[in-house]
Amino acid sequence: MHEAVAAIAGCGVSPIVRIPANEGWMVKRALDSGAHGIIVPLIYTADDTIKLLKSAKFPPQGQRGFGSPFPMEKFGIQTTTEYLHQANDALLTIVQIETKEALQNIDAIAQTAVDCLFIGPFDLGNNIGHPIIDGKMDDELHEAIATIQRSAKDHNKSTGIYCTSGEQARHYADQGFHMISVAADMIALPTYLTSALTSAKGSYVHSALNIAKGAASKMTGPYGR
């Protein structure tokens, strides 16, 4: 993680780290590496967000310990004191809204000092009894997403959502979402490579003709006869 954060920051892009759980030591490790923000999954209540904020903020707003030598360089030329003074306001705390309980408590969560409500539609759909199947989202899931966005707007919070295609990302951008994934590497890479390989091979008929031509022609080259 330290290497990835440094590489991303070195390109002039803000590194955001998704931690596995809402644990104080995970929050501290990510921020001490120099992350400009954290994404925290499986939030259920406003108390969960308050716990996160205590871990992410220096006193008096929170309980984060100070002393890591790594984060300052990820913000350009910045002294230790400058980092300490601006970190509470500058670092992003992003919570994933993906449980039935979080949906039920969305107004209370949005009233806390978190910066962004990030929707995980697959887990949210599963948890409210309307899973995404074959890419189809039920009306109930669409309404749940709209409810979260309305609450975020009412409480002046940014909204984000996980998308799996450029078209879907454009749809939610047009609806006013601020933080949107366009594609996942584990989907984009095999999809592109499969398409490129299929094009290179051609159709089954084309491949069969090429094999037949090769068998009928005289072999040449260092291994030819």
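Alanine 46 lies in helix H3 (residues 46-56), where helices are DSSP runs of H or I with at least four residues and strands are runs of E with at least two, both numbered from the N terminus. At 16% relative accessibility, alanine 46 counts as buried, a word used for residues under 20% relative accessible area, with exposed meaning over 50% and partly exposed the range in between, for a 1.4 Å probe and protein chains only. Leaving aside neighbours within four places in sequence, alanine 46 is in contact with Ala108, Ile109 and Thr112, contact being defined as heavy atoms within 4.5 Å. Alanine 46 and alanine 108 are 62 residues apart in sequence, yet their C-alpha atoms are 5.6 Å apart in space.

The model is predicted, with local features requiring pLDDT of at least 70 and side-chain atom pairs counting only at pLDDT 80 or more, while totals for chains, interfaces and linings use all residues. Residues are numbered from 1 along each chain as its sequence is written, and side-chain values use heavy atoms, with hydrogens and water left out.

The secondary structure of the protein comes to 11 helices and 6 strands. Of its 225 residues, 36% count as buried, and among contacts between residues at least 6 apart in sequence, 52% join residues at least 24 apart.

The 6 strands form an open sheet with parallel pairing, in the order E1-E2-E3-E4-E5-E6, two strands being paired if DSSP finds at least two bridges between them. Strand E1 (16-18) and strand E6 (179-180) stand at the edges, each with a single partner strand, so one side of each is left without a neighbour in the sheet. Starting from E1, the pairing with strand E2 (residues 37-40) is parallel and runs over 3 bridges, with arginine 18 opposite isoleucine 39 in E2. E2 in turn pairs with E3 in the parallel sense over 4 bridges, and here valine 40 has valine 95 in E3 as its bridge partner. Strand E3 (residues 92-97) is mostly covered, with 5 of its 6 residues buried. On to strand E4 (residues 116-119), E3 again pairs in the parallel sense over 4 bridges, and isoleucine 94 stands opposite cysteine 116 in E4.

The largest nonpolar core has 42 residues, of which Ile38, Val95, Ile97, Leu117, Ile145 and Ile148 touch the most other members; such a core is a set of buried Ala, Val, Leu, Ile, Met, Phe, Trp, Tyr and Cys residues joined through side-chain atoms within 4.5 Å. Helix H8 (residues 139-154) gives the largest share of this core, 5 residues. Isoleucine 148, apart from its neighbours within four places in sequence, is in contact with Ile97, Leu103, Ile106, Leu117, Ile119 and Leu124.

The largest pocket holds about 310 Å³ of space. Of the 16 residues that line this pocket, Arg18, Ile39, Gln96, Phe118 and Tyr162 are the closest to its centre. E1, E4, H7 and E6 each supply at least two residues of the lining. On a 1 Å grid over the protein atoms alone, a pocket is an open set of points with protein on both sides within 12 Å along at least five of seven lines, a cavity is a set where a 1.4 Å probe fits but cannot get out, and lining residues have an atom within 4 Å of a point. Grid points are joined across faces, edges and corners, and a volume is the space filled by probe spheres set on the points.

A search of the whole structure finds 1 cavity of 30 Å³ or more, and the largest cavity contains about 30 Å³ of space. Its lining is made up of Asp32, Phe58, Arg64, Gly65, Phe66, Gly67, Ser68, Pro71 and Tyr83.

Some backbone details remain. Most residues other than glycine have a negative phi, and most peptide bonds are trans. The peptide bond from proline 59 to proline 60 is cis, with omega near 10 degrees, and proline 60 is found in the loop between H3 and helix H4 (80-90). Aspartate 134, in the loop between helix H7 (121-127) and H8, has a positive phi of about 55 degrees although it is not a glycine, and at 81% relative accessibility it counts as exposed. Asparagine 156, in the loop between H8 and strand E5 (158-161), has a positive phi near 60 degrees and counts as exposed at 73% relative accessibility.
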